[in-house]
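The sequence and structure come first, and the description follows.

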Amino acid sequence: MANKVKKLLIDGNDVTFEHYFRLMDSSKYTSKLLERAVNEFSKLPGVGRKTALRLVLHLLKQDISESEALANSLLELRKEIHHCKICHNISDQEICQVCSNPARDRSLICVVENIRDVMAIESTQQYTGVYHVLGGIISPMDGIGPANLTVGSLTQRVSSGNTREVILALSATMEGDATNFFIYRKLSEHQVKITTLARGVAVGNELEFTDEITLGRSLINRTLFEESLRKI
Ligand SMILES: [Zn+2]
């Protein structure tokens with residue numbers, strides 16, 4: 001019934017619902033420029049058309065210099081950002097701040113999936129080594145294989161002989177575990193210690209609400225109580 005009503009509304013033409021809603025949606029906008037801006041904002045992850053419209057109307061209320069600052073920062077970001085030649089972290093220079101810092105231990109490489117992981121580890125202020133950003137993890141479902149990642153440059157870094165330890169700090173998922181194992185196999189011919197992050201009960205979590213895999217790993221990775229005191 002609903003189908004018939006909507007098809008009649010547009011002169012009985014055989015159009016899809018998607019097309020129909022697009023027609024309805026576009027008719028709301030009194031300006032093509034406004035619609036275009038809303039379209040662009042709504043392409044961003046987590047931003048629906050309502051939020052996009054709110055953001056665009058907010059910008060219209062601000063001084064034009066605010067919009068110029070936003071547009072210029074985005075353009076400069078896209079044109080001038082580098083990926084560090086050593087670790088593939090995002091950087092303003094060819095070599096990132098971490099790799100170029102003489103105080104960092106270059107013999108200790110922490111392998112992470114993406115730049116957000118680098119930021120998360122840096123925010124702990126506990127890590128003094130350097131990083132290697134893989135650019136993803138092996139995920140056949142998403143068509144991501146080892147060739148799409150920076151594993152090759154990691155093995156090159158390690159084969160140069162200056163690496164003491166590689167810490168695998170990937171997600172605790174099946175894909176993360178598969179990637180860890182792939183890297184482990186690749187690096188096994190080199191004389192390098194390979195470690196992985198301890199997985200255990202999160203701070204503040206009640207034991208009864210912890211899933212059985214995490215709880216099982218916490219038991220396997222248990223530490224001496226005296227050592228846990230030293231880490232506090
Ligand atoms: Zn770097």
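## Core, buried site and helix packing

In this predicted model, the largest nonpolar core consists of 26 residues, and Cys87, Val111, Val112, Tyr131 and Leu134 are those with the most contacts inside it. Two or more residues of this core come from each of the elements β3 (105–112), β4 (129–133), α7 (151–159), β5 (165–168) and α8 (174–187). The largest share, 4 residues, is that of β3.

Tyr131 is among the core residues with the most contacts inside the core. With its neighbours within four places in sequence left aside, Tyr131 is in contact with Cys87, Asn89, Val98, Ile109, Cys110, Val112 and Val118.

His88 is located in the loop between β1 (82–83) and β2 (90–91). Is His88 buried or exposed? His88 is buried because 22 other C-beta atoms lie within 10 Å, where the cut-off for a buried residue is 20 or more. Leaving out neighbours within four places in sequence, the contacts of His88 are His83, Val133, Gly135 and Thr150. His88 and Ser153 are 65 residues apart along the chain, and their C-alpha atoms are separated by 9.4 Å.

The two helices α7 and α8, which each give two or more residues to the core, also pack against each other, at an angle of about 40 degrees and with their axes 10 Å apart. That angle makes α7 oblique to α8, because angles under 35 degrees would count as roughly parallel and those from 65 to 115 as roughly perpendicular. The crossing in which α7 passes α8 is right-handed. On the α7 side the meeting residues are Val151, Leu154, Thr155 and Val158, and on the α8 side they are Ile183, Lys186 and Leu187. By class, the residues of this contact are 5 nonpolar, 1 polar and 1 charged.

The table gives totals for the protein chain.

| Item | Value |
|---|---|
| Helices in the protein chain | 10 helices |
| Strands in the protein chain | 6 strands |
| Buried residues in the protein chain | 16% of the 232 residues |
| Residues 24 or more positions apart | 43% of the contacts with a separation of 6 or more |

Terms used:
Residues are numbered from 1 along each chain as its sequence is written. This is a predicted model: local features need pLDDT of at least 70, side-chain atom pairs count only at pLDDT 80 or more; totals for chains, interfaces and linings use all residues. A nonpolar core is a set of buried Ala, Val, Leu, Ile, Met, Phe, Trp, Tyr and Cys residues joined through C-beta atoms within 7 Å. A residue is buried if 20 or more other C-beta atoms lie within 10 Å of its own, exposed if 12 or fewer, and partly exposed in between; C-beta atoms are placed from the backbone. Two residues are in contact if their C-beta atoms, placed from the backbone, lie within 7 Å. Axes are lines fitted to C-alpha atoms, for helices over the stretch in contact, and angles run from 0 to 180 degrees between N-to-C directions. Angles under 35 degrees count as roughly parallel, over 145 as roughly antiparallel, 65 to 115 as roughly perpendicular and the rest as oblique. A crossing is left-handed if the near helix is turned anticlockwise from the far one by less than a right angle, and right-handed if clockwise. Ala, Val, Leu, Ile, Met, Phe, Trp, Tyr, Cys and Pro count as nonpolar, Asp, Glu, Lys and Arg as charged, and the others, Gly among them, as polar.
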